[in-house]
Amino acid sequence: MAHKPVMMTTTLWDFPSQQYGDESQGDKRYRGATPAYILWNLLQRYTRPRELVVDPMAGSGTTLDVARELNRRALGYDVNVTRKDIFNCDARKLPLEDAKAAFVFLDPPYSTHIDYSDDPRCIGKLDARTPAYYEAMEKVIGEVHRILKPGRHMALYVSDSFQKGKPFCPIGFELFQRLCKRFESVDIIVVTRHNTTLDRNHYHTAAIEGNYFLRGFNYLFIMKKDN
Ligand SMILES: C[S@@+](CC[C@H](N)C(=O)[O-])C[C@H]1O[C@@H](n2cnc3c(N)ncnc32)[C@H](O)[C@@H]1O
């Protein structure tokens, strides 16, 4: 039985599943699907009924489903289109006029960990140890800033990256610095990660033997555009 969401009051969030209630938000089989509880909390706090919510990297559509459930209007884009209400579009060039969105949510690829599609525009093909990943994400952040109404909020959900044998990659800090060039920071939430990797014992044994850590959390950066 999927739990009902509740309003979170601290900066540490932990949810029992990807979906809640009748489980109709996004698709839990989509690799990298965002926990719907996150969207529920953000939209309750930062939007009102009938306002426009935009997700430029919509994936399986979790943001769109939670927004519509809460009687908000929703627009989603992605280069890997999984359903009819998501438009095929590169988040670096959105077909939306300036200052239209009341809230924008972004859950980008975290380096090359997941193979989302064969589309060459996919930012998940760019290694976060190279400048190309951050150049691409700066363009996405620029578009988010452009489409957002003044005085309104956006949130970016992201994990750092570590691959055995390669240097640690602090994607969270890197992207936060870039967000701060355009937005005022409102808060930083830490969201506990639950996934199959963390459930498997041999990954933990390997982390001890290899003297590294498994990713236990994602950052949720909440930012505000100036009035
Ligand atoms: C972490 S997933 C998003 C998951 C989504 N929030 C959900 O709940 O299903 C990242 C998404 O970014 C998309 N993506 C990668 N590069 C993109 C680009 N240049 N423009 C738009 N979407 C892109 C991928 O196709 C993938 O669906």
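Which residue has a polar backbone atom 2.8 Å from a nitrogen atom of the ligand?

Reply: The residue is A91, whose polar backbone atom is 2.8 Å from a nitrogen atom of the ligand. This is a predicted model, in which local features need pLDDT of at least 70 and side-chain atom pairs count only at pLDDT 80 or more, while totals for chains, interfaces and linings use all residues. Residues are numbered from 1 along each chain as its sequence is written, and side-chain values use heavy atoms, with hydrogens and water left out.

In all, 25 residues surround the ligand, each with a heavy atom within 4 Å of it. The closest are Y30, T34, S60, T62 and D78. Two of these place polar side-chain atoms by the ligand: that of T34 lies 2.7 Å from a ligand nitrogen atom, and that of T62 lies 2.6 Å from a ligand oxygen atom.

T62 also takes part in a helix contact. Helices here are DSSP runs (H or I, at least four residues), and strands are runs of E of at least two, numbered from the N terminus. Helix α1 (residues 36–46) packs with helix α2 (residues 62–69) at about 45°, their axes 9 Å apart. Axes are lines fitted to C-alpha atoms over the stretch in contact, and angles run from 0 to 180 degrees between N-to-C directions. The two helices are therefore oblique to each other; angles under 35 degrees count as roughly parallel, over 145 as roughly antiparallel, 65 to 115 as roughly perpendicular and the rest as oblique. A36, L39, W40 and L43 of α1 make the contact (heavy atoms within 4.5 Å) with T62, T63, V66 and A67 of α2. These residues divide into 6 nonpolar, 2 polar and no charged.

Y133, Y134, M137, E138 and I141 of α3 meet I171, E174, L175, R178 and L179 of α4. By class, this contact has 7 nonpolar, no polar and 3 charged residues.

Elsewhere, D98 lies in the loop between β4 (86–88) and β5 (101–106). Leaving aside residues up to four places away in sequence, D98 touches R146 and I147. A polar contact of 2.7 Å joins the side chains of D98 and R146; such a contact within protein is a pair of N or O atoms within 3.5 Å, one able to donate a hydrogen and the other to accept it, and residues adjacent in sequence count only if both atoms are side-chain atoms.

Terms used:
Nonpolar A, V, L, I, M, F, W, Y, C, P; charged D, E, K, R; others polar.
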